[in-house]
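Please consider the following points on the model shown below.

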Amino acid sequence: MNILKNKKILLGVSSGIAIYKAVDLSSKLRKLDVDLNIVLTEDAKKMVSPTVFSAVGNCPVYTDYFNEVKDGWIPHTQLSAESDALIIAPATANIIAKIANGFADDLLSLIALAFREKSKIIVPTMNTRMYNSPALQRNLELLKKDGWIIVEPEVGHLACGEIGKGRYPDNEIILEFLEDSLTKKTLIGKKVIITAGPTVEPIDPVRNITNKSSGKMGYELARAFSYSGAEVTLISGPANINIPYTIKNFVKVNTALEMKNEVMKYFNDSDIIVMSAAVSDYRVENYSNIKIKKDKDNLIIKLKKNPDILKEIGKIKKDKQLLIGFAAETNDLINYAKRKLIEKNCDLIVANDVSKKEIGFNSDFNEVYIIDKMGDVTHVEKASKREIAFNIVSYISNNYYSR
Ligand code: C5P
């Protein structure tokens, strides 16, 4: 599920030095199959030609309120009425001041004034002294009150040579804000725990036992649940993945025992528990405080079974809590998964075949089967892990939380 596919997005561009990054944003939006329109301010037009935006975004570009719109009408009323979302990036202090105070003397400010209760995102970027000025901050407060979502600039090296807050953030972050703002909030008020990634069991101060889990599926589930309005606690073993900005509670752990402790802390207060972590089944019984020397031909390390977190939660879960386990198998997938669902007292099991090279561990893709307590199996076809995660979350919303 590509949330942005065929959505009508209007990108407003003003004349910040970071304007070249807005060209990349228009390229990224095009690749996400959005129905794109772009508006440039007069000064933006002096910095980057409308032709560049039109070619890279493969879309119409408007610069003037006297421009003609495709099916003939008034550009500012038509574009503001028909678009699902408006993003202004980069937004200068000038366009922010105009919009905050209701000025409407160019195409972009006219559109902003006419753009009512829809997704409105603004990305202020400028010199740090301008950004921190009382007037700019006052105007941003006004925008927030009027329902604008502010994507805060980053701290770093600025075009003027100064260092401070004011840099254009990563376009991926702007896209996260956009996707979040356009996702139906079906799980508002629900508290969700998600375990993700591998766990790491130390042998000595420099060696570990771990597994091949990347954590991608769990992080995408955390994203999908949080975009749907749920309050997510992501409990993760070591994973090299950016945490979606919508995750307000991120807990990093290393070992299975640490993961279990954290799950237990949040368990009572949660509505949905999703166990997607690849928890190490064993830990080292006699951890060595000093580095083990390689002076023997054979080294025997004794392992001790770790707690099965999912099984323990299954024993104590309350009826109103929804418990979701994962099953990674190499053969007889559905039967093993069904058995696991019963053994661990889950409400749902998400099963995937890890013998297929192009999906599963470390891949960006997956293909899963969702199995419920009645034994009904729903196939989710091969897709990116992000799409799979959104499909799993909409399955849960539709089957358990829709009125
Ligand atoms: O038994 P198996 O490891 O195949 O079960 C996988 C499911 O159990 C996953 O949901 C995983 O997160 C969970 N699990 C767990 N604690 C363990 C082992 C697995 O929570 N020690």
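**Notes on the predicted model**

1. P90 is placed in strand β4 (residues 85–91); helices (H or I, at least four residues) and strands (E, at least two) are DSSP runs, numbered from the N terminus. The peptide bond leading from A89 to P90 is cis, and its omega is near -10°. For context, most residues other than glycine have a negative phi, and most peptide bonds are trans.

2. On the basis of these values: this is a predicted model, in which local features need pLDDT of at least 70 and side-chain atom pairs count only at pLDDT 80 or more, while totals for chains, interfaces and linings use all residues. Residues are numbered from 1 along each chain as its sequence is written, and side-chain values use heavy atoms, with hydrogens and water left out.

3. Which residues are around the ligand? The shell consists of M275, A277, V279, D281, P307, D308, I309, L310, G325, F326, K340 and K344, where a residue counts if one of its heavy atoms lies within 4 Å of the ligand. By class, seven are nonpolar, one is polar and four are charged (Ala, Val, Leu, Ile, Met, Phe, Trp, Tyr, Cys and Pro count as nonpolar, Asp, Glu, Lys and Arg as charged, and the others, Gly among them, as polar).

4. In the side chain of K344, an N or O atom lies 2.8 Å from an oxygen atom of the ligand. The elements that contribute two or more residues to the shell are α12 (309–316) and β17 (322–329).

5. How many aromatic pairs does a search of the whole structure find? There are four, with pairing defined by ring centres within 6.5 Å (rings of Phe, Tyr and the six-membered ring of Trp; planes under 30 degrees apart are stacked, over 60 edge-to-face, the rest tilted). The pair F177 and Y245 is stacked, because the ring centres are 3.8 Å apart and the planes are at 15°. F177 belongs to helix α9 (residues 171–182) and Y245 to the loop between β12 (231–236) and β13 (249–252), so this pair ties together parts 68 residues apart in sequence.

Note on methods. Polar contact = N/O pair within 3.5 Å; in protein donor to acceptor, adjacent residues only side chain to side chain.
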